[in-house]
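Subject: Structure for you to look at

Hello,

Here is the structure I promised to pass on. Please open it and keep it in view while you read my notes.

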Amino acid sequence: MKGKSEMTCTKIKELLVGYHDESLSIEEKKKVEDHLRICEGCREELRQIESLFGILGREKTEEVEPDFWTNFVPGVRKRIVRAAQPTFGWSFVPKLGPLFGFVTAVLIVGVILFSSDYRSSDRGVPQSGEDVVYSLYEFESTADQLAETISLIEAAGQTGELISEDEKQSILALEELIEDEYWEKAGWKDLAEELSLEELSLLEEKIQKTPI
Amino acid sequence: MSLSLILCILLNFHQTPVSNHMEEKRGSDDLQLERFQRGDEKAFNELVLKYKNRIFQMILKMVRNKEDAKDLTQETFVKAYVGLKDFRREASFFTWLTRIALNLSINFTKRENFRSFVSLFDLKKPVLAQEPSLRDETGDELTRAIDDAVLSLPPKQRMVFVLRYYQRLPFQGIAEVLGKSEGGTKSNYFQAIKKLKKKLARFRTG
């Protein structure tokens, strides 16, 4: 019973504002009045609503200077003329939005590509011996390793660093590897071009003397 | 000044907020609208003179500051002028004008709230027209409390409260202006009253 009564009060309270400003239908008005006779809580609610409208009724009204109304229409007209004049603004920005987006995207891609190129070119000039030892395993051919090592020597020379004995040995070993690699790939024609005439004739003699 | 303009001023002068909502029914401004759409600029002036007071009062109750209300009232008619050439009369002119005024008021108060919020982080705090220090000079404590209480209402509740309490519009008319159901506007009004009752409880007597 208590729950049902609370629900009725909730509904009645929603109608009390309308009851106060006399905007309820005859049925609703009767329903509210019947309930108010038996419910002190809702009577208190109605008193509070009446009190609120009493407070709102005491609000001071703002007076407007008469010349404001005298100049009102000319004022509106002036603003209409001003609004019709083309002025520089930022209204074009939304229209250019896609273009700005495209340019920004191109710039971002450009920066990414440039920075990656820059990083890979950095690899050609190592800053210390450790870098070289570490990076030796990354190269595809011995020639690349040698080029890297020579860069190291140059860089070390520029910065005044000394090359260790181990590093010198590794350079020599790399040079030998390059020789071997070259001759493995080279044909007889390349070999003949490398030899002097004397060496060539000497080689011919050796071949002729070699028993088949 | 044309006879119709004088007549319009006289009618406007004698209007009372309670009775004139019926006047805004579709068709009451048709003559002026047709004349304006045919290029008669004076017809627009007549509409301005007819509705300026009501629009000003409505905006004043929405933004609770006289100077801002004066500015926004002019802005409302400028916006109406710009949009009137394409006005399709799906609603009455007054309903349409009220929507413009309410939207401008809500956007204005949102901007002011944002500025006040930003100024909290600013060492050189700008003096806003709505700051209590300025309103001290123009109103008493009760009026300031009502201003604050009304401004604290969410936009929809504030619009419904202003249209119902100050403009005396029926709920059906309010629903039409706001594009909502009648039940929804009643609920908004009830919620607004509930909040105002709480905020202004200290002024209750007895």
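Start with one pair: B:Lys66 and A:Glu65 join their side chains in a salt bridge, 3.2 Å from N to O. (A salt bridge is a side-chain nitrogen of Lys or Arg within 4 Å of a carboxyl oxygen of Asp or Glu.) This pair crosses between chains. B:Lys66 sits in helix H4 of chain B, and A:Glu65 in the loop between H3 and helix H4 (66–70) of chain A. Helices here are DSSP runs (H or I, at least four residues), numbered from the N terminus.

A word on the source: this is a predicted model, where local features need pLDDT of at least 70, side-chain atom pairs count only at pLDDT 80 or more, and totals for chains, interfaces and linings use all residues. Residues are numbered from 1 along each chain, chains are lettered from A, and side-chain values use heavy atoms, without hydrogens and water.

**The interface**

Over all chains there are 23 salt bridges. Across the interface of chain B and chain A, the rule finds 9. One of them links B:Asp71 to A:Arg79, with the closest N and O atoms 2.8 Å apart.

How much area do chain B and chain A bury between them? About 3400 Å², with 63% of it on carbon and sulfur atoms. (Buried area is the accessible area, with a 1.4 Å probe, that two parts lose on being put together, summed over both.) B:Gln74, B:Phe190 and B:Lys197 supply 18% of the area that chain B buries against chain A, more than any other three residues.

Chain B brings 40 residues to the contact and chain A brings 32. Contact means heavy atoms within 4.5 Å.

**Two helix pairs**

Look first between the chains. Helix H3 (residues 40–57) of chain A packs on helix H10 (residues 182–199) of chain B at about 80°, with axes 10 Å apart. (Axes are lines fitted to C-alpha atoms, for helices over the stretch in contact; angles run from 0 to 180 degrees between N-to-C directions.) So H3(A) is roughly perpendicular to H10(B), a label for angles of 65 to 115 degrees. On H3(A), the touching residues include A:Ile49, A:Leu52 and A:Phe53. On H10(B), B:Tyr189 and B:Ile193 are among them.

Now stay inside chain B. The axes of H8(B) and H10(B) come within 8 Å and cross at roughly 95°. H8(B) and H10(B) are therefore roughly perpendicular to each other. Among the residues in this contact are B:Phe161 and B:Tyr165 of H8(B), and B:Ala192 and B:Leu196 of H10(B).

Best wishes

Methods: Angles under 35 degrees count as roughly parallel, over 145 as roughly antiparallel, 65 to 115 as roughly perpendicular and the rest as oblique.
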